[in-house]
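Work through these exercises with the structure in view. Take each solution one step at a time.

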Amino acid sequence: MSSNNVSDITRFVAPHLAKATYKGVETVEAIAKEVGLPVEKLVKLNANENVYGAPQQVLDAITKVQHHVYPDPSQVKLRKAVAGLMGVTPENVCCGAGSDDLLDIIIRMVNPKAIVTSTPTFGMYSFLGSVANVDVINVPRNDDFTVDVDAVRQAIRDNGAKIAFLASPNNPTGTLLPNADVETLAQEDCLIIVDEAYADFCDETAMSLFGKHDNLIICRTMSKWAGLAGLRLGFAVAHKDLVSVMMAIKQPYNVNTAAEAAGLAAIEHREAIMVTVRAMRQERDRLFNELKQFSWLRPIPSSANFTLIEVTGDRSAHDVYMALRKRGIIIRFFGSQGGNLNNFIRISAGKPEHTDAVLAALKAIEQDA
Ligand SMILES: Cc1ncc(COP(=O)(O)O)c(C=O)c1O
């Protein structure tokens, strides 16, 4: 047995991983305990989930799963169904344990020196990049949160980046990346990953460009529109030669049988689910309009199922976040994670009663001051 003491054991950890961490959402149980409310009383608007959950047909499909049998590593049924949904062939589709898994697979496939992101944006890109010991080049967005396309192109060239991660709509700003910009970026010798996790909440997609640019990869998830965040299912649509590598290097059983069954059922019953998506879009728009009555809040127009809101004047965004939290309304405050968002909060779209609760709480906070 080694005589090394316990503290020495970290010498085995790769230096670039010593501080690796991703701050994900807290459990509802932990929040409920902290704020002293039962879980059922919480209004959870912090993770852009589908607040309606998955429909009964999807839940039924999960119960029929043969959970003692390994899932299909080739994802034959799922890739066929996704291909049908996206209008491509199964050879263009690779599925993963959430789209996070696909982002990781793409980084491992390319093993790049550098990746480029456009901040503020989804923190997973820089987290996965730093875990892979890759230089993460964060290019600030324009003041209106659109992508600074010229600066991204320059950053790709200056750093020899082989992957650019661009979410459209972007999280947390809700901003779209117009297809004209995707086309411009696709001129670079770099994979352009258009992360369309929230595309189902708007009418825009880069899919019409697919096939036109071999270096374009589109990622989607079942976490948001389909209400399957907890089951972890996402997919990438890419050139078939890239997909064959992604399929070869992914964890063989990355999509579990419950996620597979739920994904197939969600695609089959997409129309029923889209009713809930439309309801959430409506609430997003209602919240946006209602927020205008608060002179100290500046909502940013969003194409996703959440709204980023600047807190102006004397109040701090963190105080507003905490004041809502005390009232059981759980939203997101990022601080400096993913870009400078110290003056912002993000509220996911919910059911009408959730919007009502948010507005009532904000009025109470306004009066408290
Ligand atoms: C832009 C974006 N991409 C990807 C994801 C991850 O989705 P998944 O749950 O499929 O891993 C999220 C989740 O918040 C997101 O905001």
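Two strands count as paired if DSSP finds at least two bridges between them. Keep in mind that the model is predicted.

**Exercise 1.** Find which strands pair with β8, and in which sense.

*Solution.* 
Step 1. Take β7, residues 216-221: β7 and β8 share 4 bridges. The cut-off is at least two bridges, so they pair. The sense is antiparallel.
Step 2. Look at V237 in β8. V93 stands opposite V237, and I218 also stands opposite V237.

**Exercise 2.** Work out which way the residues of β8 point, and whether they are buried or exposed.

*Solution.* 
Step 1. Sort residues 234-237 by direction. G234 and A236 point one way, F235 and V237 the other.
Step 2. Check burial: all of them are buried.

**Exercise 3.** Describe the salt bridge between R108 and D104.

*Solution.* 
Step 1. The N to O distance is 3.7 Å. The limit is 4 Å, so the pair counts as a salt bridge.
Step 2. Both residues lie in helix α4, 4 residues apart, about one turn of the helix.
Step 3. R108 has 40% relative accessibility and counts as partly exposed. D104, at 25%, also counts as partly exposed.

**Exercise 4.** Explain what the salt bridge between E188 and R157 ties together.

*Solution.* 
Step 1. The closest N and O atoms of E188 and R157 are 2.7 Å apart.
Step 2. E188 lies in the loop between α7 and β6, and R157 in helix α6, so the pair ties together parts 31 residues apart in sequence.
Step 3. E188 counts as buried, at 7% relative accessibility.

Note on methods. Residues numbered from 1 in each chain as written. Predicted model: local features only at pLDDT ≥ 70, side-chain atom pairs only at ≥ 80, totals over all residues. Heavy atoms only, no water. Buried < 20%, exposed > 50% of the residue type's maximum accessible area, 1.4 Å probe, protein only. Salt bridge = Lys/Arg side-chain N within 4 Å of Asp/Glu carboxyl O.
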